[in-house]
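Here is a short note on charged side chains and how they pair. Please keep the model open while reading the points.

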Amino acid sequence: MEQYHIQKAKNGDPKALELLYKHFYGYAMSIALRYSNSRDEACEIVNDSFMKMFDKLGQYKEENSFKAWFRRILVNTSIDYYRKNVKHFAVMELDKAEFESHNPEIIDQLSKDDILDVLRGLPEMLRIVFNMYEIEGYSHSEVADELGIPASTSRTYLARAKHILREKITILNQINNEGAVR
């Protein structure tokens with residue numbers, strides 16, 4: 001069914017394009033929200049991604065996964081959005097606080113919105129590296145190539161992102177536990 005609509009969309013059928021948009025909107029938004037600072041930014045990334053997808057639909061090969069092909073467009077559009085707006089983002093100095101313990105069950109106690117808020121709290125470049133490496137499955141060399149940074153910097157940014165996420169999640173968990181006790 002999906003391939004049928006994709007083929008019709010390749011031929012310029014406006015109804016098929018609309019169906020693809022509606023079908024993949026939630027998926028696109030879930031990816032864009034991980035890379036953006038706000039829902040408005042995510043909407044901009046999603047809309048830009050769909051425009052690119054529609055423009056490049058003729059390049060899609062049916063033997064490949066359409067979802068994976070579109071995910072790559074979404075990730076690249078998110079990176080492009082960052083590059084275009086990097087001058088607007090403040091550079092944050094990262095604290096070098098020691099982290100004493102790590103409890104993997106903490107994440108299970110958080111809601112989807114809590115997790116997205118924690119991710120959005122990361123400095124922009126750290127969030128992008130974290131998403132690309134941990135969620136999208138890029139290697140450090142692929143992240144480096146996409147972002148124009150050395151692979152060692154990608155590894156450093158990932159370590160910093162994980163450190164900050166652990167701290168923020170621990171604090172959020174403590175707040176949630178204190179609220180549950182009261």
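1. A salt bridge here is a side-chain nitrogen of Lys or Arg within 4 Å of a carboxyl oxygen of Asp or Glu. Arg 34 and Glu 136 form one, with their closest N and O atoms 2.3 Å apart. This pair links distant parts of the chain. Arg 34 sits in helix α2, while Glu 136 lies in the loop between α6 (124-135) and α7 (140-147). The two are 102 residues apart.

2. Note that the model is predicted. Both Arg 34 and Glu 136 are buried. They also belong to a network: salt bridges with shared partners join Arg 34, Arg 71 and Glu 136.

3. How many salt bridges does the structure hold? The count is eleven. One of them pairs Lys 10 with Glu 62, at 2.7 Å between the closest N and O atoms. This pair, too, links distant parts of the chain. Lys 10 is in helix α1 (residues 2-10). Glu 62 is in the loop between α3 (39-56) and α4 (66-85), 52 residues apart from Lys 10.

4. Glu 62 has 36%, so Glu 62 counts as partly exposed.

5. Look next within helix α2 (residues 14-35), where Glu 18 and Lys 22 lie four residues apart, about one turn of the helix. Their side chains meet in a salt bridge, 2.8 Å from N to O. Glu 18 is partly exposed, with a relative accessible area of 34%. Lys 22 is exposed, at 55%.

Note on methods
Residues are numbered from 1 along each chain as its sequence is written. This is a predicted model: local features need pLDDT of at least 70, side-chain atom pairs count only at pLDDT 80 or more; totals for chains, interfaces and linings use all residues. Side-chain values use heavy atoms; hydrogens and water are left out. Buried means under 20% relative accessible area, exposed over 50%, partly exposed in between (1.4 Å probe, protein chains only).
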